[in-house]
Amino acid sequence: MKNYLVHTYLIAFVFVSCKDVKQKEEDKELHTFTSSLEPFSSKEKNIKVVDEEVFYNSTAFVAKYNTYIDFFNTYDDKVRKSYANYLSWQSLSDELKRSNKLIGKIRLPLKPLNLLKSAIVQKPAIKKVDANMLMVYRTSEILNKEINNLETFFNKDKSQEIDLNSSQKAKISLLEAYRNYFVAFDTMSVAFYRLQDNVEKYEKDKYKAQELVVQYNLFTAINATEAILNEIGGRDVDQLLTLEFGLINEKIKELRSAYVALEDLKSNQDLIVKEFGKPMPVISKFSSHLGNILQGLTSLKLRIANNDFDYGDAHPEVAAEGSPLKLELEFIAMVNEYRSIN
């Protein structure tokens with residue numbers, strides 16, 4: 001299942017469930033200020049837990065959080081593509097391996113790792129998240145070294161002999177490095193989703209408390225759509241037929257409520273100027289994409305009910321109505337409108 005960590009700056013959109021008292025106590029540990037450059041150290045002293053509003057509104061948190069979001073949204077996809085390319089290359093004969101060099105097929109960018117390394121040690125410390133991000137960084141570092149190591153064996157001139165024993169060890173080490181990275185990333189994701197839950201709840205409560213009705217409904221629409229796509233995203237036909245609609249139907253109700261509210265509010269430029277400081281015709285475009293998403297969800301339900309997944313020859317170049325791809329593209333367009341608003 002594909003996860004959509006869509007964001008503007010500071011805001012992450014993830015469905016928040018109710019937490020019990022123990023969960024709330026654990027959540028307090030997610031954010032701390034510390035003077036140490038090793039915020040993930042188990043021996044850390046003088047940790048000060050700060051007020052949520054001070055924490056989430058701080059420039060330092062925003063910068064660090066956005067770096068984490070950007071890394072989360074881009075780097076893992078590159079690693080998985082690298083892994084798929086390696087497996088495809090590995091299936092070739094030895095002769096074809098020599099003629100289909102690995103250069104460019106599995107190499108990973110270094111810039112995201114450098115940005116991640118810099119962010120990890122910046123204040124404020126985000127307990128558990130920093131520690132898990134550090135493990136992702138370290139496993140990524142090892143993965144890059146193993147990629148470079150294997151490339152030295154198979155990117156030689158054809159006239160040079162390959163040490164088969166050493167190259168076999170390099171292959172085994174590379175596969176282990178991929179596995180270790182995936183474990184580290186998945187473990188980090190759990191802590192990071194928890195942080196996103198907290199940020200999302202804080203933002204939503206803030207909009208409600210300040211009676212920012214337009215922003216509240218925009219935010220709700222993004223959040224609910226992402227929750228739906230996290231249930232649907234990446235599924236093939238067989239999986240769609242077994243899709244559970246409990247959470248999806250709950251989120252569709254939120255979408256309809258937000259859509260009705262935004263359709264009513266989009267002509268109220270006085271209120272929009274009050275909330276955003278300027279007129280916002282782009283809200284109409286946002287609402288239009290939201291309406292298309294609701295229509296697409298209805299079409300998807302009909303496809304599932306009728307077992308009709310004939311998307312036509314033009315799909316996926318032209319995404320078919322009622323397909324997960326069509327919903328995803330409408331969501332991306334809606335998010336782009338939201339970013340232009342904010």
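A residue counts as buried when its relative accessible area is under 20%. In the predicted model described here, Tyr 181 has a relative accessibility of 0% and is therefore buried. Phe 182, at 13%, is buried by the cut-off of under 20% as well. The rings of Tyr 181 and Phe 182 form an edge-to-face pair, because their planes stand at 65 degrees, with 5.5 Å between the ring centres.

The aromatic pairs of the whole structure number 22. Another of them joins Phe 72 and Phe 185, whose ring centres are 5.0 Å apart; the planes meet at 50 degrees, so this pair is classed as tilted. Phe 72 belongs to helix α3 and Phe 185 to helix α7, so the pair links parts of the chain separated by 113 residues in sequence. Phe 72 has a relative accessible area of 9% and is buried. Phe 185 is buried too, with a relative accessibility of 3%.

In soluble globular proteins, nonpolar side chains tend to be buried together. In this model, the largest nonpolar core contains 43 residues. The members that touch the most others are Tyr 68, Leu 143, Tyr 178, Phe 192 and Leu 195. At least two residues of this core come from each of the helices α2 (52–57), α3 (59–90), α5, α6 (129–154) and α7 (164–209). Helix α7 makes the greatest contribution, with 14 residues. Leu 143 illustrates how such a member is surrounded: apart from neighbours within four places in sequence, this residue is in contact with Val 79, Leu 108, Leu 174, Ala 177, Tyr 178 and Tyr 181.

The mean pLDDT of the protein chain is 80, and 78% of the residues score at least 70. Among the elements, helix α5 (residues 111–120) has the highest mean pLDDT, 94, whereas helix α1 (residues 21–28) has the lowest, 45. Two stretches have values below 50. In residues 32–37 the pLDDT is below 50, and the model gives this stretch 23 contacts beyond near neighbours in sequence. Residues 39–49 also have a pLDDT below 50, with 21 contacts beyond near neighbours in sequence. Where pLDDT is low, the predicted coordinates should not be read in detail.

Terms used. Residues numbered from 1 in each chain as written. Heavy atoms only, no water. pLDDT = per-residue confidence, 0-100. Helix = DSSP H or I, 4+ residues; strand = E, 2+ residues; numbered from the N terminus. Contact = heavy atoms within 4.5 Å. Core = buried A, V, L, I, M, F, W, Y, C linked by side-chain atoms within 4.5 Å. Buried < 20%, exposed > 50% of the residue type's maximum accessible area, 1.4 Å probe, protein only. Phe/Tyr/Trp six-rings, centres within 6.5 Å; stacked < 30°, edge-to-face > 60°.
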